[in-house]
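Thanks, everyone; let me put the model on the screen, and then I will take you through a few helix contacts and one part of the surface.

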Amino acid sequence: MIEEGSKRGKAMVEKRQLFMEMRAQNFDVIRLSTYRTACKLRFVQKRCNLHLVDVWNMIEAFRDSGLNTLDHNAEINVSRLETILSSIYYQLNKRLPTTHQINVEQSIGLLLNFMVATYDSEGHGKLTVFSMKSMLATMCGGKIVDKLRYIFSQISDSNGVMAFAKFDQFLREVLKLPTAVFEGPSFGYTEHSVRTCFPQQKILLNTFLDILMADPPPQCLVWLPLMHRLANVENVFHPVECSYCRSESMMGFRYRCQQCHGYQLCQSCFWRGHANGPHSNQHQMKEHSSWKSPAKKLSHAISKSLGCVPIGEPPHPMFPEQSEKPQDTMAHTVQPKPVANNMNNTMLMSSGAPTPTKSVLESPSRLDEEHRLIARYAARLAAEAGNSTVSSSTQCPPTDLSFNFDANKQQRQLIAELENKNREILQEIQRLRLEHEQASQPTPEKAQQNPTLLAELRLLRHRKDELERRMSALQESRRELMVQLEGLMRLLKAQTGGSPHSSPSHGAGCSMPMPIRSTSAGSTPTHTPQDCLAGVGGDVLEAFAHGVPRNLRNDLLVAADSITNTMSSLVKELHSVDDAAEEEDNNMRNGGLRDRAEAE
């Protein structure tokens with residue numbers, strides 16, 4: 001008995017833990033009920049880590065858990081609800097970096113106890129599917145326009161028109177959230193709430209978004225856009241001094257009096273109703289979600305006076321007037337263009353209920369995550385497109401039947417068009433590849449189509465043969481000349497054997513001759529006698545080393561140098577002929593390709 005009592009007491013403490021922590025934040029000192037409610041629900045959202053779960057992740061979790069096949073009034077027990085929450089948080093931890101992992105068990109326990117306390121106050125242990133969807137879609141992270149689109153898909157009929165009975169059911173469920181945080185007297189449900197929100201008879205998607213995101217929104221839901229604005233300005237810094245607490249800077253909202261010049265309050269002082277000096281709480285205050293430097297204000301004023309400032313964009317993108325069906329399947333979801341964050345979003349208010357103006361509706365930091373989700377949804381839909389059958393469609397409720405059929409038909413048509421286009425592209429690539437291979441192979445037909453190039457090629461080859469024969473003849477003449485030079489040098493050596501020798505100093509001077517610059521046409525190389533006689537026998541070199549008459553030696557060097565230069569020029573000309581022949585081959589091949597392209 002004692003153990004059972006201790007367990008029961010521990011369970012009660014766990015159930016009341018979130019509410020005890022919320023009371024410790026002392027939100028009740030906030031003067032305006034709208035801010036008080038938004039702050040409390042924002043605390044619950046962050047404490048349960050729901051702000052990390054995007055609305056598209058939540059819709060995916062609903063689909064994976066099979067909730068899209070259940071009727072809105074169907075009931076699920078607490079154990080299945082705990083399983084759904086476990087999958088949501090474990091999937092969240094997979095997306096988060098390892099340094100930002102959350103305590104899954106604690107988050108599940110806090111959120112489960114809050115949902116049971118909110119929607120199962122009588123202790124039946126069951127919740128309806130619609131109440132769970134409404135609560136999680138409202139309290140999760142993401143853009144308010146995406147949340148409202150999903151909610152509209154749950155409360156509209158097959159024609160895309162809102163059903164007032166379903167919207168009334170949604171109000172019953174969503175207004176239990178302010179009641180759960182002890183703000184029921186200000187935002188509790190009444191029977192006339194629906195008609196105060198929508199006096200018209202026919203409500204389409206754009207009208208639904210216009211009214212709920214208007215300035216101001218319906219009184220019973222005024223806390224919903226404010227909660228999103230709170231999330232957007234939590235880290236906004238204002239380098240402005242508070243006129244009451246004298247803090248040198250502000251975080252969050254900043255409020256400027258419209259009557260007292262230069263009087264500004266931080267959000268903490270304004271929410272608590274602090275005032276000093278000539279300022280009064282009855283003065284109208286303007287809410288700022290960002291700070292602009294004086295230079296930026298001046299440039300904006302000049303641009304506005306010159307008409308350079310664009311007209312303000314609507315608070316949400318305009319969607320086509322078509323059936324907005326349940327988005328559980330994610331098959332038709334198209335992400336809207338991000339709405340530009342207007343950093344001048346303000347709100348006019350007095351001491352009574354706030355009258356909000358434009359607000360920041362989007363969170364650009366979530367764009368990357370949404371793009372990754374879109375890619376994953378597209379891949380999963382492509383894998384499941386072939387498995388969708390009529391029998392699976394019959395399991396859906398009547399509100400989903402026609403939409404699933406239309407969506408699947410459009411998907412099949414789009415896939416068929418893309419496959420046909422892909423086949424055409426592959427055939428064109430194959431055709432171009434074959435043409436390229438045929439054009440790169442030389443054929444006799446191409447040569448016949450270019451007789452001029454062929455004649456030039458023959459002429460160049462004939463010229464090459466002539467030069468080769470000439471080079472062979474010159475080499476033979478060079479060899480004969482070397483033989484004659486060898487005999488001449490022997491004769492000179494024999495004749496000079498008996499003649500008196502020159503002095504040693506003169507012989508030494510002749511053994512180290514100065515370089516001689518050749519006067520042959522076409523080249524100006526510098527040679528020494530030993531370099532010019534490199535191919536001559538040893539007797540010739542020895543004769544020149546002992547001294548040869550200056551005029552005969554010069555004549556022999558000039559003759560040898562002329563032969564060498566002639567051989568060099570012949571080799572160069574031969575190489576130029578080879579290059580020209582190769583260039584002509586390339587030109588002929590390119591000409592054939594151009595002729596074929598012109599013929600086609």
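At what angle do the axes of helix α3 and α7 cross, and within what distance do they come? Before I answer, please keep in mind that this is a predicted model, in which local features need pLDDT of at least 70 and side-chain atom pairs count only at pLDDT 80 or more, while totals for chains, interfaces and linings use all residues. Residues are numbered from 1 along each chain as its sequence is written, and side-chain values use heavy atoms, with hydrogens and water left out.

The axes of α3 (residues 55-64) and α7 cross at roughly 30 degrees and come within 10 Å. The two helices are therefore roughly parallel to each other, a term for angles under 35 degrees. On the α3 side the contact (heavy atoms within 4.5 Å) is made by Val-55, Trp-56, Ile-59 and Phe-62, and on the α7 side by Asp-146, Lys-147, Arg-149 and Tyr-150. Of these residues, five are nonpolar, none is polar and three are charged.

Turning to the other pair, α7 (residues 144-155) packs with α8 (residues 164-174) at an angle of about 125 degrees, their axes being 9 Å apart. That makes α7 oblique to α8. Here Ile-151, Gln-154 and Ile-155 of α7 meet Lys-166, Phe-167 and Phe-170 of α8, and this contact divides into four nonpolar residues, one polar and one charged.

Technical notes:
Axes are lines fitted to C-alpha atoms, for helices over the stretch in contact, and angles run from 0 to 180 degrees between N-to-C directions. Helices (H or I, at least four residues) and strands (E, at least two) are DSSP runs, numbered from the N terminus. Angles under 35 degrees count as roughly parallel, over 145 as roughly antiparallel, 65 to 115 as roughly perpendicular and the rest as oblique. Ala, Val, Leu, Ile, Met, Phe, Trp, Tyr, Cys and Pro count as nonpolar, Asp, Glu, Lys and Arg as charged, and the others, Gly among them, as polar.
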